[in-house]
Amino acid sequence: MRASFGSFNPQELQSLSEEDRRKRFDEVRTKAEATTKKADEMLGVILEPKQVDRLNQLRLQREGVGAINRPDVARQLGVTESQQEKIRKIQQDARPQGGQGGFQNLSDDERRAFFARMQEQREKVQADILAVLSDEQKAKWGEMKGKAFTFPAPQGFGGAGGNAGERRRPEANKKDQ
């Protein structure tokens, strides 16, 4: 998947105009969709249909409400153009304005506070997007996601800092595996 994107440099995106940035994201999205389609076809040969269904549920859970932007998901939910526009506005308003700059210079406490604010923002965006959906669409969304699975927390984001010996690996949710 990564190889198909070539050099995707986040710093480069900051110097682009909004229109050029949107074009670049559209290019990457198109390549990602083609790569995903090819991988899905290969998985369909390897996995049993029930396994493919569960994999798709887990993908939706991992993507969260952002998956509603995918045409196939929007179509299954019956998301209207008006709803799509509202969702895009919520997501656009939630995007940080300007670069984060100097992130590597933050202390561990400042990083934790930063990530806590980011998590609160993500939760608010998810709630706001779900509020755009009708009760029927919310019910369908729940069905599409299937049985909830707790994914392990990401490890090692942010690079150096802190004592590696003090970091603990979260236990996977064994009952859901």
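**Figure 1. Surroundings of Gly64.** Apart from residues up to four places away in sequence, Gly64 touches Gln126 and Trp141. The model shown in this and the following views is predicted. Gly64 lies in the loop between α4 and α5. Its relative accessible area is 9%, and Gly64 is therefore buried, since the term applies under 20% relative accessible area. Lys145 stands 81 residues from Gly64 along the chain, yet the C-alpha atoms of the two are separated by 9.1 Å.

**Figure 2. Surroundings of Val65.** The loop between α4 and α5 also holds Val65. With a relative accessibility of 4%, Val65 counts as buried. Its contacts, not counting residues up to four places away in sequence, are Gln126, Ile129, Leu130 and Trp141. Gln126 and Trp141 are also touched by Gly64. From Val65 to Val125 the separation is 60 residues in sequence and 8.7 Å in space, C-alpha to C-alpha.

**Figure 3. The chain as a whole, for orientation.** The secondary structure consists of 8 helices and 0 strands. Along the sequence, the elements follow the pattern α-α-α-α-α-α-α-α. The chain has 177 residues, of which 18% count as buried. Of the contacts between residues at least 6 apart in sequence, 62% join residues at least 24 apart.

**Figure 4. Helix α8 and its buried face.** The buried residues of α8 are Gln137, Trp141 and Met144. Viewed down the axis of α8, they fall within an arc of 65°, so they line one face of the helix. An α-helix has 3.6 residues a turn, so residues three or four places apart point the same way. The other side of α8 carries Asp135, Glu136 and Glu143, which are exposed. The cover over the buried residues of α8 includes α4, α5 (71–77), α6 and α7. Just after α8 comes Gly146, with a positive phi of about 70°.

**Figure 5. Packing of α4 against α8.** Helix α4, formed by residues 49–63, packs with α8 at an angle of about 125°, and the axes of the two helices are 7 Å apart. This angle makes α4 oblique to α8. From α4, the contact involves Arg54, Gln57, Leu60 and Gln61, while α8 contributes Trp141, Glu143, Met144 and Lys145. By class, the residues of this contact are 3 nonpolar, 2 polar and 3 charged.

**Figure 6. Contacts of Gln57.** Gln57 is placed in helix α4. Leaving aside neighbours within four places in sequence, Gln57 is in contact with Glu143, Met144, Lys145, Gly146 and Lys147. Gln57 and Lys147 are 90 residues apart in sequence, and their C-alpha atoms are 8.1 Å apart in space.

**Figure 7. Helix α3 and its packing with α4.** Helix α3 (residues 18–46) has its axis 10 Å from that of α4, and the two pack at an angle of about 140°. On the α3 side, Asp40, Leu43 and Gly44 meet Val52, Leu55 and Arg59 of α4. The contact of α3 with α4 has 3 nonpolar, 1 polar and 2 charged residues. The 29 residues of α3 reach 41 Å from the first C-alpha to the last, close to the 42 Å expected at 1.5 Å a residue. Arg24, Val28 and Ala32 are buried in α3.

Figure 8. Helix α6 comprises 14 residues, 81–94, and should span 20 Å at 1.5 Å a residue; its end C-alpha atoms are 20 Å apart, which agrees. In α6, Gln83, Ile87, Ile90 and Gln91 are buried. They cover an arc of only 95° around the axis, and therefore lie on the same side of α6. The face turned away from this buried side carries the exposed residues Glu81 and Asp93. The partners against which the buried residues of α6 pack are α7 (108–132) and α8 (135–145).

How values were computed. Residues are numbered from 1 along each chain as its sequence is written. This is a predicted model: local features need pLDDT of at least 70, side-chain atom pairs count only at pLDDT 80 or more; totals for chains, interfaces and linings use all residues. Side-chain values use heavy atoms; hydrogens and water are left out. Helices (H or I, at least four residues) and strands (E, at least two) are DSSP runs, numbered from the N terminus. The expected span of a helix is 1.5 Å times one less than its number of residues. Buried means under 20% relative accessible area, exposed over 50%, partly exposed in between (1.4 Å probe, protein chains only). The arc is that of the directions from the helix axis to the C-beta atoms. Contact means heavy atoms within 4.5 Å. Axes are lines fitted to C-alpha atoms, for helices over the stretch in contact, and angles run from 0 to 180 degrees between N-to-C directions. Angles under 35 degrees count as roughly parallel, over 145 as roughly antiparallel, 65 to 115 as roughly perpendicular and the rest as oblique. Ala, Val, Leu, Ile, Met, Phe, Trp, Tyr, Cys and Pro count as nonpolar, Asp, Glu, Lys and Arg as charged, and the others, Gly among them, as polar.
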